[in-house]
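Let's take a friendly walk through a protein model together. Have the picture open beside you as you read.

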Amino acid sequence: MKELTELKLKVLDLLNEDARRSPTLLSTLLGVDVEEVKEAIAELEADHVIVKYAAVVNWSKIEDETVTALIEVQITPERGRGFEGIAERIYLYPQVKSVYLMSGAYDLLVEVEGRNLREVANFVSEKLSTIDSVLSTKTNFILKKYKQDGIIFEDREEDNRLIVSP
Amino acid sequence: MIVNEDTKQQQVKSMSSYLAPSVRDIPPSGIRKFFDLASGSKDIITLGVGEPDFTTPWHVREACVYSLERGMTAYTSNAGMTELREAISQYLLDSFKVAYDPKDQIIVTIGGSEAIDLALRALIVPGDEVLIPEPSYVPYSPITSIGGGVPVGIETFAKDNFKLTAESLEAKITPKSKVLILCYPSNPTGATMSYEDWLPIAKVVEKHDLIVISDEIYAELTYNQKHVSFSSIPGMMDRTIMVSGFSKAFAMTGWRMGYVCAHPELIAAMLKIHQYTVMCAPVMGQVAALEALRNGMEEKDRMVESYNQRRRLIVQGFHDIGLECHEPQGAFYAFPSIGSTGLSSEEFAQRLLLEARVAAVPGTAFGSGGEGFLRCSYATSVAQLTEALDRMGNFLHKLKTES
(Lines give C-alpha, C1' and ligand atoms only; values in the text may rest on other atoms or scores of the structure.)
Protein backbone atom coordinates (compact mmCIF):
# COMPACT_ATOMS: atom_id res chain seq x y z
CA MET A 1 0.00 0.00 0.00
CA LYS A 2 1.38 3.36 -0.99
CA GLU A 3 1.54 6.07 1.68
CA LEU A 4 0.20 9.37 0.44
CA THR A 5 1.43 12.81 1.40
CA GLU A 6 -0.82 15.06 3.47
CA LEU A 7 -1.36 17.27 0.43
CA LYS A 8 -2.48 14.34 -1.71
CA LEU A 9 -4.89 13.17 0.97
CA LYS A 10 -6.40 16.64 1.24
CA VAL A 11 -6.68 16.91 -2.55
CA LEU A 12 -8.46 13.55 -2.60
CA ASP A 13 -10.87 14.66 0.13
CA LEU A 14 -11.74 17.84 -1.72
CA LEU A 15 -12.16 16.12 -5.10
CA ASN A 16 -14.19 13.39 -3.48
CA GLU A 17 -16.58 16.10 -2.26
CA ASP A 18 -16.73 17.75 -5.69
CA ALA A 19 -14.68 16.45 -8.60
CA ARG A 20 -15.24 19.61 -10.62
CA ARG A 21 -12.99 21.71 -8.38
CA SER A 22 -10.19 23.23 -10.41
CA PRO A 23 -6.49 23.08 -9.42
CA THR A 24 -6.66 26.85 -8.85
CA LEU A 25 -9.55 26.53 -6.41
CA LEU A 26 -7.86 23.60 -4.67
CA SER A 27 -4.64 25.57 -4.32
CA THR A 28 -6.55 28.47 -2.71
CA LEU A 29 -8.45 26.20 -0.34
CA LEU A 30 -5.29 24.40 0.72
CA GLY A 31 -2.98 27.39 0.73
CA VAL A 32 -0.36 25.81 -1.56
CA ASP A 33 1.03 26.64 -4.97
CA VAL A 34 -1.18 25.66 -7.92
CA GLU A 35 1.71 23.79 -9.57
CA GLU A 36 2.04 21.59 -6.47
CA VAL A 37 -1.65 20.73 -6.70
CA LYS A 38 -1.39 19.92 -10.42
CA GLU A 39 1.60 17.70 -9.74
CA ALA A 40 -0.21 15.90 -6.91
CA ILE A 41 -3.26 15.28 -9.12
CA ALA A 42 -1.08 14.05 -12.00
CA GLU A 43 0.67 11.59 -9.71
CA LEU A 44 -2.59 10.41 -8.17
CA GLU A 45 -3.94 9.79 -11.66
CA ALA A 46 -0.78 8.06 -12.84
CA ASP A 47 -0.81 5.80 -9.77
CA HIS A 48 -4.49 4.98 -10.37
CA VAL A 49 -5.41 6.34 -6.95
CA ILE A 50 -7.78 8.63 -8.81
CA VAL A 51 -9.31 6.17 -11.23
CA LYS A 52 -11.99 8.31 -12.84
CA TYR A 53 -14.01 11.51 -12.32
CA ALA A 54 -17.67 10.61 -12.23
CA ALA A 55 -20.97 12.11 -11.10
CA VAL A 56 -23.02 10.43 -8.39
CA VAL A 57 -26.41 10.20 -10.06
CA ASN A 58 -29.73 9.67 -8.37
CA TRP A 59 -31.25 7.65 -11.23
CA SER A 60 -34.56 7.37 -9.44
CA LYS A 61 -35.16 11.02 -10.35
CA ILE A 62 -35.31 10.01 -14.00
CA GLU A 63 -38.46 8.45 -15.41
CA ASP A 64 -36.60 5.83 -17.41
CA GLU A 65 -35.51 4.05 -14.27
CA THR A 66 -33.00 1.24 -14.17
CA VAL A 67 -33.03 -1.85 -11.96
CA THR A 68 -30.09 -2.69 -9.75
CA ALA A 69 -29.46 -6.03 -8.06
CA LEU A 70 -26.86 -7.12 -5.54
CA ILE A 71 -26.10 -10.78 -6.26
CA GLU A 72 -24.44 -13.00 -3.69
CA VAL A 73 -22.36 -15.58 -5.53
CA GLN A 74 -20.78 -18.73 -4.13
CA ILE A 75 -17.94 -20.09 -6.23
CA THR A 76 -15.29 -22.77 -6.20
CA PRO A 77 -11.91 -21.06 -6.35
CA GLU A 78 -9.54 -22.12 -9.15
CA ARG A 79 -6.26 -23.84 -8.41
CA GLY A 80 -3.42 -21.31 -8.57
CA ARG A 81 -5.62 -18.28 -9.25
CA GLY A 82 -8.12 -18.41 -6.42
CA PHE A 83 -11.02 -16.07 -7.12
CA GLU A 84 -9.21 -13.77 -9.55
CA GLY A 85 -10.07 -15.51 -12.83
CA ILE A 86 -13.76 -15.93 -12.01
CA ALA A 87 -14.00 -12.35 -10.74
CA GLU A 88 -12.50 -11.14 -14.01
CA ARG A 89 -14.92 -13.18 -16.09
CA ILE A 90 -17.74 -11.55 -14.19
CA TYR A 91 -16.58 -7.94 -13.99
CA LEU A 92 -15.86 -7.72 -17.72
CA TYR A 93 -19.60 -7.79 -18.45
CA PRO A 94 -20.70 -4.18 -19.02
CA GLN A 95 -23.89 -4.65 -17.01
CA VAL A 96 -21.80 -5.49 -13.93
CA LYS A 97 -21.20 -2.27 -12.00
CA SER A 98 -19.07 -3.61 -9.18
CA VAL A 99 -17.63 -6.84 -7.85
CA TYR A 100 -16.38 -7.41 -4.30
CA LEU A 101 -14.70 -10.45 -2.76
CA MET A 102 -16.44 -10.99 0.56
CA SER A 103 -15.86 -12.83 3.79
CA GLY A 104 -18.83 -14.71 5.26
CA ALA A 105 -21.63 -16.74 3.76
CA TYR A 106 -20.77 -16.15 0.10
CA ASP A 107 -17.71 -15.25 -1.96
CA LEU A 108 -18.50 -12.50 -4.44
CA LEU A 109 -20.96 -9.64 -4.24
CA VAL A 110 -21.86 -8.55 -7.75
CA GLU A 111 -23.77 -5.38 -8.51
CA VAL A 112 -25.70 -5.67 -11.74
CA GLU A 113 -27.68 -2.99 -13.47
CA GLY A 114 -30.34 -3.57 -16.12
CA ARG A 115 -33.15 -1.71 -17.83
CA ASN A 116 -35.75 -3.94 -16.15
CA LEU A 117 -36.18 -7.02 -13.96
CA ARG A 118 -36.15 -9.38 -16.93
CA GLU A 119 -32.82 -8.10 -18.17
CA VAL A 120 -31.18 -8.67 -14.78
CA ALA A 121 -32.84 -12.06 -14.39
CA ASN A 122 -31.59 -13.11 -17.83
CA PHE A 123 -28.06 -12.04 -17.00
CA VAL A 124 -28.11 -14.10 -13.80
CA SER A 125 -29.59 -17.21 -15.33
CA GLU A 126 -27.78 -17.15 -18.68
CA LYS A 127 -24.38 -15.65 -17.87
CA LEU A 128 -23.61 -15.76 -14.16
CA SER A 129 -25.10 -19.11 -13.12
CA THR A 130 -23.69 -20.91 -16.12
CA ILE A 131 -20.04 -20.22 -15.23
CA ASP A 132 -18.60 -23.60 -14.21
CA SER A 133 -17.19 -22.50 -10.87
CA VAL A 134 -20.37 -20.76 -9.76
CA LEU A 135 -22.12 -22.91 -7.16
CA SER A 136 -25.05 -20.70 -6.33
CA THR A 137 -26.47 -17.18 -6.70
CA LYS A 138 -28.88 -15.21 -4.60
CA THR A 139 -30.31 -12.10 -6.22
CA ASN A 140 -31.35 -9.09 -4.08
CA PHE A 141 -33.01 -6.23 -5.92
CA ILE A 142 -32.39 -2.74 -4.61
CA LEU A 143 -35.76 -1.12 -3.96
CA LYS A 144 -34.55 2.35 -3.02
CA LYS A 145 -31.19 4.04 -2.56
CA TYR A 146 -30.97 6.24 0.51
CA LYS A 147 -27.24 6.90 0.56
CA GLN A 148 -24.45 6.12 -1.86
CA ASP A 149 -20.74 6.87 -1.58
CA GLY A 150 -21.39 8.99 1.50
CA ILE A 151 -24.02 11.08 -0.25
CA ILE A 152 -27.55 11.11 1.12
CA PHE A 153 -29.99 11.27 -1.80
CA GLU A 154 -32.96 12.82 -0.07
CA ASP A 155 -31.13 15.03 2.40
CA ARG A 156 -33.67 16.67 4.68
CA GLU A 157 -31.08 18.68 6.57
CA GLU A 158 -31.60 22.11 5.11
CA ASP A 159 -29.69 25.23 6.00
CA ASN A 160 -32.27 26.87 8.23
CA ARG A 161 -30.06 29.52 9.73
CA LEU A 162 -31.23 33.11 9.90
CA ILE A 163 -29.90 35.36 7.13
CA VAL A 164 -28.18 37.57 9.67
CA SER A 165 -27.25 36.67 13.26
CA PRO A 166 -24.78 37.95 15.86
CA MET B 1 -64.96 45.58 20.72
CA ILE B 2 -64.50 49.18 19.69
CA VAL B 3 -61.17 50.59 20.76
CA ASN B 4 -60.71 54.27 20.87
CA GLU B 5 -57.50 54.94 18.90
CA ASP B 6 -56.58 57.91 21.07
CA THR B 7 -56.91 55.89 24.25
CA LYS B 8 -54.93 53.00 22.74
CA GLN B 9 -52.16 55.37 21.70
CA GLN B 10 -52.10 56.87 25.16
CA GLN B 11 -51.86 53.45 26.78
CA VAL B 12 -48.95 52.42 24.56
CA LYS B 13 -47.13 55.66 25.24
CA SER B 14 -47.55 55.38 28.96
CA MET B 15 -46.22 51.80 28.93
CA SER B 16 -42.71 52.96 28.18
CA SER B 17 -42.71 54.97 31.38
CA TYR B 18 -42.89 51.69 33.31
CA LEU B 19 -39.71 50.38 31.71
CA ALA B 20 -36.37 50.47 33.42
CA PRO B 21 -34.38 53.26 31.78
CA SER B 22 -31.39 50.89 31.55
CA VAL B 23 -33.43 48.73 29.18
CA ARG B 24 -35.54 51.39 27.49
CA ASP B 25 -32.55 53.48 26.51
CA ILE B 26 -30.63 50.68 24.77
CA PRO B 27 -30.51 51.58 21.08
CA PRO B 28 -31.75 49.00 18.56
CA SER B 29 -29.07 46.51 17.51
CA GLY B 30 -27.37 47.18 14.18
CA ILE B 31 -27.55 43.44 13.52
CA ARG B 32 -31.27 43.44 14.17
CA LYS B 33 -31.79 46.36 11.82
CA PHE B 34 -29.88 44.61 9.10
CA PHE B 35 -31.70 41.34 9.73
CA ASP B 36 -35.03 43.12 9.20
CA LEU B 37 -33.79 44.52 5.92
CA ALA B 38 -32.35 41.22 4.69
CA SER B 39 -35.19 38.95 5.76
CA GLY B 40 -37.58 40.26 3.09
CA SER B 41 -35.12 39.65 0.26
CA LYS B 42 -35.03 36.67 -2.06
CA ASP B 43 -32.19 34.65 -3.59
CA ILE B 44 -29.74 35.88 -0.99
CA ILE B 45 -26.31 34.41 -0.36
CA THR B 46 -25.63 35.10 3.25
CA LEU B 47 -22.27 35.90 4.77
CA GLY B 48 -24.14 37.40 7.68
CA VAL B 49 -24.48 34.44 10.00
CA GLY B 50 -22.62 33.97 13.25
CA GLU B 51 -22.95 30.22 13.40
CA PRO B 52 -21.57 27.10 11.74
CA ASP B 53 -23.19 25.84 8.54
CA PHE B 54 -22.79 22.27 9.75
CA THR B 55 -25.63 20.47 11.48
CA THR B 56 -24.76 19.12 14.93
CA PRO B 57 -22.94 15.79 14.33
CA TRP B 58 -25.37 12.89 14.26
CA HIS B 59 -23.81 10.99 17.17
CA VAL B 60 -24.47 14.03 19.39
CA ARG B 61 -28.08 14.33 18.25
CA GLU B 62 -28.56 10.60 18.62
CA ALA B 63 -27.19 10.60 22.18
CA CYS B 64 -29.77 13.22 23.07
CA VAL B 65 -32.62 11.29 21.44
CA TYR B 66 -31.55 8.13 23.26
CA SER B 67 -31.44 9.94 26.60
CA LEU B 68 -35.00 11.15 26.01
CA GLU B 69 -36.09 7.61 25.24
CA ARG B 70 -34.64 6.55 28.57
CA GLY B 71 -36.64 9.27 30.28
CA MET B 72 -33.84 11.67 31.18
CA THR B 73 -36.07 14.67 31.60
CA ALA B 74 -35.49 15.86 35.18
CA TYR B 75 -33.52 18.78 36.64
CA THR B 76 -29.80 18.34 37.02
CA SER B 77 -27.86 19.91 39.87
CA ASN B 78 -27.75 23.71 39.57
CA ALA B 79 -24.19 23.78 38.34
CA GLY B 80 -24.83 21.03 35.80
CA MET B 81 -24.31 17.27 35.54
CA THR B 82 -21.24 16.12 37.45
CA GLU B 83 -19.97 14.05 34.50
CA LEU B 84 -20.25 17.02 32.18
CA ARG B 85 -18.40 19.36 34.54
CA GLU B 86 -15.70 16.72 34.95
CA ALA B 87 -15.44 16.34 31.18
CA ILE B 88 -15.23 20.14 30.70
CA SER B 89 -12.51 20.35 33.36
CA GLN B 90 -10.47 17.59 31.70
CA TYR B 91 -10.95 19.11 28.26
CA LEU B 92 -9.74 22.55 29.40
CA LEU B 93 -6.72 21.00 31.08
CA ASP B 94 -5.82 18.90 28.03
CA SER B 95 -6.45 21.60 25.44
CA PHE B 96 -5.46 24.86 27.11
CA LYS B 97 -3.50 23.85 30.24
CA VAL B 98 -5.91 25.53 32.62
CA ALA B 99 -7.11 23.65 35.71
CA TYR B 100 -10.64 24.30 36.96
CA ASP B 101 -12.07 22.08 39.68
CA PRO B 102 -15.36 20.56 38.46
CA LYS B 103 -16.72 20.62 42.04
CA ASP B 104 -16.77 24.37 42.62
CA GLN B 105 -15.25 26.19 39.65
CA ILE B 106 -17.57 25.38 36.75
CA ILE B 107 -21.23 26.13 36.00
CA VAL B 108 -22.94 24.76 32.92
CA THR B 109 -24.99 27.63 31.49
CA ILE B 110 -27.59 28.30 28.84
CA GLY B 111 -25.12 29.27 26.17
CA GLY B 112 -22.12 31.52 26.57
CA SER B 113 -24.57 34.44 26.64
CA GLU B 114 -25.99 33.46 30.03
CA ALA B 115 -22.46 32.98 31.32
CA ILE B 116 -21.51 36.55 30.35
CA ASP B 117 -24.70 37.87 31.92
CA LEU B 118 -24.00 35.94 35.14
CA ALA B 119 -20.47 37.25 35.32
CA LEU B 120 -21.47 40.86 34.76
CA ARG B 121 -24.40 40.72 37.16
CA ALA B 122 -22.20 39.16 39.82
CA LEU B 123 -19.58 41.90 39.47
CA ILE B 124 -21.14 45.19 38.46
CA VAL B 125 -22.58 47.88 40.69
CA PRO B 126 -24.05 51.01 39.05
CA GLY B 127 -21.36 53.27 37.75
CA ASP B 128 -18.67 50.61 37.34
CA GLU B 129 -16.88 50.89 34.04
CA VAL B 130 -16.53 47.86 31.80
CA LEU B 131 -13.79 47.98 29.20
CA ILE B 132 -14.66 46.42 25.84
CA PRO B 133 -12.21 46.20 22.92
CA GLU B 134 -14.10 47.16 19.76
CA PRO B 135 -15.27 46.17 17.20
CA SER B 136 -16.87 43.70 19.59
CA TYR B 137 -19.52 41.03 19.86
CA VAL B 138 -22.78 42.98 20.00
CA PRO B 139 -24.28 42.03 23.43
CA TYR B 140 -21.36 43.00 25.72
CA SER B 141 -22.22 46.67 25.80
CA PRO B 142 -26.02 46.37 26.29
CA ILE B 143 -25.69 43.68 28.97
CA THR B 144 -23.30 45.98 30.82
CA SER B 145 -25.78 48.84 30.60
CA ILE B 146 -28.68 46.68 31.78
CA GLY B 147 -26.64 45.89 34.89
CA GLY B 148 -26.09 49.61 35.51
CA GLY B 149 -22.49 49.52 34.35
CA VAL B 150 -20.89 51.89 31.91
CA PRO B 151 -19.47 50.30 28.77
CA VAL B 152 -16.21 51.87 27.66
CA GLY B 153 -15.08 50.95 24.16
CA ILE B 154 -11.41 50.54 23.35
CA GLU B 155 -10.87 50.95 19.65
CA THR B 156 -8.65 48.40 17.90
CA PHE B 157 -7.22 48.83 14.43
CA ALA B 158 -6.66 46.88 11.23
CA LYS B 159 -2.97 47.91 11.26
CA ASP B 160 -2.61 45.92 14.56
CA ASN B 161 -4.65 43.04 13.12
CA PHE B 162 -7.39 44.20 15.53
CA LYS B 163 -5.39 43.03 18.55
CA LEU B 164 -5.81 44.81 21.86
CA THR B 165 -2.67 46.68 22.91
CA ALA B 166 -1.58 47.48 26.46
CA GLU B 167 -1.29 51.19 25.58
CA SER B 168 -4.84 51.53 24.30
CA LEU B 169 -6.15 49.58 27.30
CA GLU B 170 -4.19 51.72 29.76
CA ALA B 171 -5.45 54.89 28.07
CA LYS B 172 -9.09 54.04 28.83
CA ILE B 173 -8.65 53.05 32.48
CA THR B 174 -10.15 55.32 35.16
CA PRO B 175 -10.66 54.79 38.90
CA LYS B 176 -14.10 53.38 38.02
CA SER B 177 -12.75 50.68 35.69
CA LYS B 178 -13.57 47.27 37.09
CA VAL B 179 -14.02 44.70 34.34
CA LEU B 180 -12.34 44.00 31.02
CA ILE B 181 -14.23 41.82 28.55
CA LEU B 182 -12.03 39.94 26.10
CA CYS B 183 -13.18 37.96 23.08
CA TYR B 184 -10.35 36.27 21.23
CA PRO B 185 -10.55 34.72 18.70
CA SER B 186 -12.73 37.69 17.92
CA ASN B 187 -16.21 38.04 16.61
CA PRO B 188 -16.32 40.08 14.32
CA THR B 189 -12.68 40.53 13.24
CA GLY B 190 -11.22 37.02 13.50
CA ALA B 191 -8.27 38.44 15.47
CA THR B 192 -6.41 36.20 17.91
CA MET B 193 -3.93 36.91 20.70
CA SER B 194 -0.69 35.00 21.29
CA TYR B 195 1.05 34.34 24.61
CA GLU B 196 3.39 37.26 23.86
CA ASP B 197 0.44 39.51 23.04
CA TRP B 198 -1.20 38.68 26.37
CA LEU B 199 1.77 39.37 28.67
CA PRO B 200 1.65 43.21 28.52
CA ILE B 201 -2.16 43.12 28.77
CA ALA B 202 -1.87 40.97 31.91
CA LYS B 203 0.50 43.53 33.45
CA VAL B 204 -2.04 46.33 32.96
CA VAL B 205 -4.83 44.12 34.32
CA GLU B 206 -2.79 43.40 37.44
CA LYS B 207 -1.63 46.99 37.89
CA HIS B 208 -5.21 48.29 37.84
CA ASP B 209 -6.71 45.36 39.69
CA LEU B 210 -9.21 44.50 36.94
CA ILE B 211 -11.37 41.41 36.68
CA VAL B 212 -11.37 39.87 33.21
CA ILE B 213 -14.28 38.15 31.53
CA SER B 214 -12.63 36.11 28.79
CA ASP B 215 -15.10 34.90 26.18
CA GLU B 216 -13.34 31.97 24.51
CA ILE B 217 -16.24 30.55 22.56
CA TYR B 218 -14.10 30.41 19.38
CA ALA B 219 -11.08 28.82 21.11
CA GLU B 220 -11.19 25.73 18.91
CA LEU B 221 -11.34 27.76 15.73
CA THR B 222 -7.76 28.95 15.29
CA TYR B 223 -5.74 28.31 12.18
CA ASN B 224 -2.03 28.97 12.41
CA GLN B 225 -1.51 28.85 16.14
CA LYS B 226 -3.09 27.16 19.12
CA HIS B 227 -5.45 29.27 21.21
CA VAL B 228 -3.92 30.75 24.36
CA SER B 229 -6.40 31.05 27.19
CA PHE B 230 -6.08 34.27 29.18
CA SER B 231 -6.29 32.31 32.46
CA SER B 232 -3.15 30.43 31.47
CA ILE B 233 -1.09 33.63 31.68
CA PRO B 234 0.85 33.71 34.98
CA GLY B 235 -1.11 35.49 37.72
CA MET B 236 -4.34 35.73 35.70
CA MET B 237 -6.15 32.55 36.78
CA ASP B 238 -7.82 34.04 39.85
CA ARG B 239 -8.86 37.27 38.19
CA THR B 240 -10.26 35.68 35.04
CA ILE B 241 -13.77 34.44 34.46
CA MET B 242 -13.57 32.13 31.47
CA VAL B 243 -16.66 31.78 29.33
CA SER B 244 -17.05 29.21 26.61
CA GLY B 245 -19.49 26.73 25.15
CA PHE B 246 -20.30 24.17 22.54
CA SER B 247 -21.98 26.30 19.88
CA LYS B 248 -19.10 27.06 17.56
CA ALA B 249 -16.71 24.12 17.95
CA PHE B 250 -19.34 21.41 17.79
CA ALA B 251 -21.95 23.15 15.62
CA MET B 252 -24.44 23.28 18.49
CA THR B 253 -25.74 26.85 18.44
CA GLY B 254 -29.41 26.03 18.93
CA TRP B 255 -28.74 23.80 21.93
CA ARG B 256 -27.64 26.82 23.98
CA MET B 257 -24.94 25.00 25.89
CA GLY B 258 -22.21 27.04 27.53
CA TYR B 259 -20.14 27.12 30.67
CA VAL B 260 -18.34 29.53 32.94
CA CYS B 261 -15.20 28.80 34.96
CA ALA B 262 -13.74 30.97 37.70
CA HIS B 263 -12.46 31.26 41.26
CA PRO B 264 -14.80 29.37 43.66
CA GLU B 265 -16.02 32.57 45.33
CA LEU B 266 -16.99 34.09 42.00
CA ILE B 267 -18.63 30.85 40.89
CA ALA B 268 -20.60 30.71 44.16
CA ALA B 269 -21.93 34.21 43.46
CA MET B 270 -22.81 33.40 39.86
CA LEU B 271 -24.47 30.17 40.96
CA LYS B 272 -26.86 32.17 43.16
CA ILE B 273 -28.11 34.10 40.12
CA HIS B 274 -28.15 31.00 37.92
CA GLN B 275 -30.17 28.91 40.38
CA TYR B 276 -32.77 31.62 40.99
CA THR B 277 -33.22 32.47 37.32
CA VAL B 278 -32.87 29.29 35.27
CA MET B 279 -32.35 26.56 37.91
CA CYS B 280 -30.11 24.57 35.62
CA ALA B 281 -29.26 24.22 31.94
CA PRO B 282 -31.62 21.87 30.04
CA VAL B 283 -30.70 18.25 30.65
CA MET B 284 -31.04 17.32 26.95
CA GLY B 285 -28.41 19.82 25.98
CA GLN B 286 -26.13 18.66 28.77
CA VAL B 287 -26.34 15.06 27.58
CA ALA B 288 -25.52 16.20 24.05
CA ALA B 289 -22.61 18.35 25.23
CA LEU B 290 -21.16 15.42 27.15
CA GLU B 291 -21.31 13.25 24.04
CA ALA B 292 -19.65 16.03 22.01
CA LEU B 293 -16.75 16.24 24.45
CA ARG B 294 -16.34 12.49 24.77
CA ASN B 295 -16.58 11.51 21.12
CA GLY B 296 -16.73 14.63 19.00
CA MET B 297 -13.13 15.73 18.60
CA GLU B 298 -12.55 14.07 15.24
CA GLU B 299 -15.65 15.65 13.76
CA LYS B 300 -14.67 18.99 15.26
CA ASP B 301 -11.23 18.78 13.64
CA ARG B 302 -12.87 18.03 10.29
CA MET B 303 -15.07 21.11 10.58
CA VAL B 304 -12.14 23.32 11.61
CA GLU B 305 -10.14 22.11 8.59
CA SER B 306 -13.08 23.00 6.38
CA TYR B 307 -13.33 26.52 7.89
CA ASN B 308 -9.62 26.95 7.32
CA GLN B 309 -10.00 26.13 3.62
CA ARG B 310 -12.84 28.57 3.25
CA ARG B 311 -10.90 31.22 5.18
CA ARG B 312 -8.17 31.03 2.54
CA LEU B 313 -10.77 31.18 -0.21
CA ILE B 314 -12.50 34.30 1.10
CA VAL B 315 -9.31 36.21 1.93
CA GLN B 316 -7.83 35.41 -1.48
CA GLY B 317 -11.17 36.28 -3.06
CA PHE B 318 -11.24 39.71 -1.38
CA HIS B 319 -7.72 40.42 -2.58
CA ASP B 320 -8.67 39.38 -6.11
CA ILE B 321 -11.65 41.73 -6.25
CA GLY B 322 -9.67 44.57 -4.72
CA LEU B 323 -10.84 44.65 -1.08
CA GLU B 324 -8.16 44.96 1.57
CA CYS B 325 -8.54 42.31 4.26
CA HIS B 326 -6.25 41.43 7.15
CA GLU B 327 -5.77 37.69 7.50
CA PRO B 328 -8.08 36.47 10.25
CA GLN B 329 -6.42 33.83 12.43
CA GLY B 330 -9.49 32.61 14.27
CA ALA B 331 -13.29 32.28 14.42
CA PHE B 332 -15.05 32.19 11.01
CA TYR B 333 -15.22 35.84 10.09
CA ALA B 334 -13.30 37.98 7.67
CA PHE B 335 -13.44 41.73 8.22
CA PRO B 336 -12.53 43.39 4.92
CA SER B 337 -12.17 47.12 4.53
CA ILE B 338 -14.62 48.76 2.16
CA GLY B 339 -13.12 52.20 2.78
CA SER B 340 -11.75 52.43 -0.76
CA THR B 341 -15.30 52.57 -2.17
CA GLY B 342 -16.06 55.82 -0.36
CA LEU B 343 -19.31 54.38 1.00
CA SER B 344 -20.14 54.03 4.67
CA SER B 345 -20.36 50.47 6.01
CA GLU B 346 -24.10 50.69 6.30
CA GLU B 347 -24.63 52.06 2.81
CA PHE B 348 -22.24 49.51 1.30
CA ALA B 349 -23.93 46.60 3.09
CA GLN B 350 -27.41 47.80 2.11
CA ARG B 351 -26.52 48.25 -1.54
CA LEU B 352 -24.64 44.94 -1.59
CA LEU B 353 -27.76 43.27 -0.30
CA LEU B 354 -30.22 44.98 -2.60
CA GLU B 355 -28.11 45.12 -5.77
CA ALA B 356 -25.89 42.02 -5.48
CA ARG B 357 -28.01 39.87 -3.16
CA VAL B 358 -25.20 39.20 -0.74
CA ALA B 359 -25.87 39.72 2.96
CA ALA B 360 -22.96 40.80 5.14
CA VAL B 361 -23.10 42.82 8.35
CA PRO B 362 -21.90 46.45 8.41
CA GLY B 363 -18.90 46.87 10.72
CA THR B 364 -20.67 49.65 12.58
CA ALA B 365 -23.03 47.07 14.12
CA PHE B 366 -20.03 46.06 16.27
CA GLY B 367 -19.23 49.46 17.71
CA SER B 368 -16.51 52.00 17.22
CA GLY B 369 -13.76 51.08 14.81
CA GLY B 370 -16.23 49.13 12.68
CA GLU B 371 -16.87 51.98 10.25
CA GLY B 372 -15.32 51.23 6.88
CA PHE B 373 -15.52 47.45 7.40
CA LEU B 374 -17.87 44.58 6.74
CA ARG B 375 -18.24 41.36 8.71
CA CYS B 376 -18.34 38.39 6.35
CA SER B 377 -18.88 34.93 7.80
CA TYR B 378 -17.25 32.14 5.84
CA ALA B 379 -19.31 29.46 7.56
CA THR B 380 -20.92 28.86 4.18
CA SER B 381 -20.27 26.28 1.48
CA VAL B 382 -17.41 26.70 -0.99
CA ALA B 383 -19.90 26.99 -3.84
CA GLN B 384 -21.85 29.74 -2.06
CA LEU B 385 -18.68 31.60 -1.11
CA THR B 386 -17.44 31.48 -4.68
CA GLU B 387 -20.76 32.81 -5.93
CA ALA B 388 -20.81 35.52 -3.23
CA LEU B 389 -17.30 36.64 -4.21
CA ASP B 390 -18.32 36.77 -7.88
CA ARG B 391 -21.33 38.89 -7.03
CA MET B 392 -19.26 41.18 -4.81
CA GLY B 393 -16.67 41.56 -7.58
CA ASN B 394 -19.36 42.59 -10.05
CA PHE B 395 -20.85 44.96 -7.50
CA LEU B 396 -17.49 46.65 -6.90
CA HIS B 397 -16.97 46.96 -10.63
CA LYS B 398 -20.36 48.62 -10.92
CA LEU B 399 -19.48 51.05 -8.12
CA LYS B 400 -16.28 51.98 -9.93
CA THR B 401 -18.01 52.64 -13.21
CA GLU B 402 -20.58 54.80 -11.39
CA SER B 403 -17.96 57.10 -9.95
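In what order do the seven strands of the open sheet in chain B lie? The order is 2-8-7-6-5-3-4, with mixed pairing. Before going on, note that this is a predicted model, in which local features need pLDDT of at least 70 and side-chain atom pairs count only at pLDDT 80 or more, while totals for chains, interfaces and linings use all residues. Residues are numbered from 1 along each chain as its sequence is written, chains are lettered from A and ligands numbered from 1 in the order in which they are written, and side-chain values use heavy atoms, leaving out hydrogens and water.

**The sheets of chain B**

Strands here are DSSP runs of E with at least two residues, and helices are runs of H or I with at least four, numbered from the N terminus. Two strands pair if DSSP finds at least two bridges between them.

| Strand pair in chain B | Sense | Bridges | Residues standing opposite |
|---|---|---|---|
| strand 6 (211-215) and strand 7 (240-245) | parallel | four | B:Asp215 and B:Val243 |
| strand 11 and strand 12 (374-377) | antiparallel | two | B:Pro362 and B:Leu374 |

**Where the chains meet**

With contact meaning heavy atoms within 4.5 Å, 15 residues of chain A are in contact with 30 residues of chain B. The size of an interface is often given as the accessible area lost when the parts come together. Here the buried area (accessible area lost, 1.4 Å probe, summed over both parts) is about 1900 Å², and carbon and sulfur atoms give 61% of that.

There is one salt bridge between chain A and chain B, a term for a side-chain nitrogen of Lys or Arg within 4 Å of a carboxyl oxygen of Asp or Glu. The side chains of A:Lys10 and B:Glu305 form that link, at 3.7 Å from N to O. Helix 1 (6-17) and helix 2 (23-30) of chain A each supply at least two residues of the side that touches chain B. Helix 2 of chain A gives the most to that side, with four residues.

Methods
Buried area is the accessible area (1.4 Å probe) that two parts lose on being put together, summed over both.
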